Amino acid sequence: MKNITYTLVLSMLLVTFGCKSRKQNTDSAIDSQTQRIENKASEENAAAESLDMESEEFAEMIVISLSKTPCFGVCPSFNFTVFANGTAQYQGKENVKLKGNYKAKISKNEINQLLNEASSMGYFSLNDKYDNEFVTDLPSTITFLNISGKAKKVVCRYECDDRIKKVNKMIDALIENTKWESVE
């Protein structure tokens, strides 16, 4: 339940602070969000070492997350989260096919394949942030992966590395190919 609350708070922060016109607030929110995610990842990494892989606590750990923030144009805005047990949540906000809240189940094979490909592409050697404060009104794409207890978040807004673009496309494809069920 804490993860759901955390995801919703994260979503509200991203929507509120997504555009460049609020650059200082955005940077502050992203830095604050980064710290919370890093703290949560550290807690989860420590907990993962002592948990039964099928336990309820392990099932709630985030392994994949992708959020896209809005802009003044028609940028897609959504939050997507996958937990270790395969439960996935999607919250479509603006300029997306699916608006609202959805849930699905993603196979462990699909999760592991994506995580392994991202790791082999060098996800963990990417910069934490790709940005330029002098460029305005670009949306951010925030990617979080937790692979075998090793967690990393990458904020991509300007001149992003091709590797993070490929990882984000893989996650977008996973979202597109998932059979979603509406949550009211």
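Predicted model: local features only at pLDDT ≥ 70, side-chain atom pairs only at ≥ 80, totals over all residues.
**Exercise 1. Carry out the corresponding analysis for Ser 148.**

Solution. Step 1: Ser 148 is not a glycine, yet its phi is positive, about 50°. Step 2: the residue Ser 148 belongs to the loop between β6 (141–147) and β7 (150–156). Step 3: the relative accessibility of Ser 148 is 81%, so Ser 148 counts as exposed.

**Exercise 2. Summarise the architecture of the chain.**

Solution. Step 1: the chain contains five helices and eight strands. Step 2: read from the N terminus on, the order of elements is α-α-α-β-β-β-β-α-β-β-β-α-β. Step 3: of the 184 residues in the chain, 47% are buried. Step 4: among contacts (heavy atoms within 4.5 Å) with a separation of 6 or more, 60% are made by residues 24 or more positions apart.

**Exercise 3. Classify the aromatic pair of Phe 78 and Tyr 90, then that of Phe 80 and Trp 180.**

Solution. Step 1: rings of Phe, Tyr and Trp (its six-membered ring) pair if their centres lie within 6.5 Å; planes under 30 degrees apart count as stacked, over 60 as edge-to-face and the rest as tilted. Step 2: the structure holds five aromatic pairs. Step 3: in one of them, Phe 78 and Tyr 90 are 5.5 Å apart centre to centre with 25° between the planes, and the pair is stacked. Step 4: this pair links distant parts of the chain, with Phe 78 in strand β2 (residues 77–83) and Tyr 90 in strand β3 (residues 87–94), 12 residues apart. Step 5: Phe 78 has a relative accessible area of 6% and is therefore buried; Tyr 90, at 6%, is likewise buried. Step 6: Phe 80 and Trp 180 lie 5.9 Å apart centre to centre, and the 85° between their planes makes the pair edge-to-face. Step 7: this second pair also links distant parts of the chain, 100 residues apart, from Phe 80 in strand β2 to Trp 180 in the loop between α5 (162–177) and β8 (181–183). Step 8: both Phe 80 and Trp 180 are buried. Step 9: one aromatic cluster is formed by Phe 78, Phe 80, Tyr 90, Tyr 102 and Trp 180.

**Exercise 4. Describe how helices α4 and α5 pack.**

Solution. Step 1: two packed helices are described by the angle between their axes and the distance between the axes. Step 2: α4 (residues 108–120) and α5 pack at about 170°, with axes 10 Å apart. Axes are lines fitted to C-alpha atoms, for helices over the stretch in contact, and angles run from 0 to 180 degrees between N-to-C directions. Step 3: α4 is therefore roughly antiparallel to α5, where angles under 35 degrees count as roughly parallel, over 145 as roughly antiparallel, 65 to 115 as roughly perpendicular and the rest as oblique. Step 4: on the α4 side, Glu 110, Leu 114, Glu 117 and Ala 118 meet Val 167, Met 170, Ile 171 and Leu 174 of α5. Step 5: the residues of this contact comprise six nonpolar, no polar and two charged; Ala, Val, Leu, Ile, Met, Phe, Trp, Tyr, Cys and Pro count as nonpolar, Asp, Glu, Lys and Arg as charged, and the others, Gly among them, as polar.

**Exercise 5. Characterise the surroundings of Asn 127.**

Solution. Step 1: Asn 127 is placed in the loop between α4 and β5 (129–130). Step 2: its relative accessibility is 44%, so Asn 127 counts as partly exposed. Step 3: leaving aside residues up to four places away in sequence, Asn 127 touches Lys 152 and Val 154.

Methods
Residues numbered from 1 in each chain as written. Heavy atoms only, no water. Helix = DSSP H or I, 4+ residues; strand = E, 2+ residues; numbered from the N terminus. Buried < 20%, exposed > 50% of the residue type's maximum accessible area, 1.4 Å probe, protein only.
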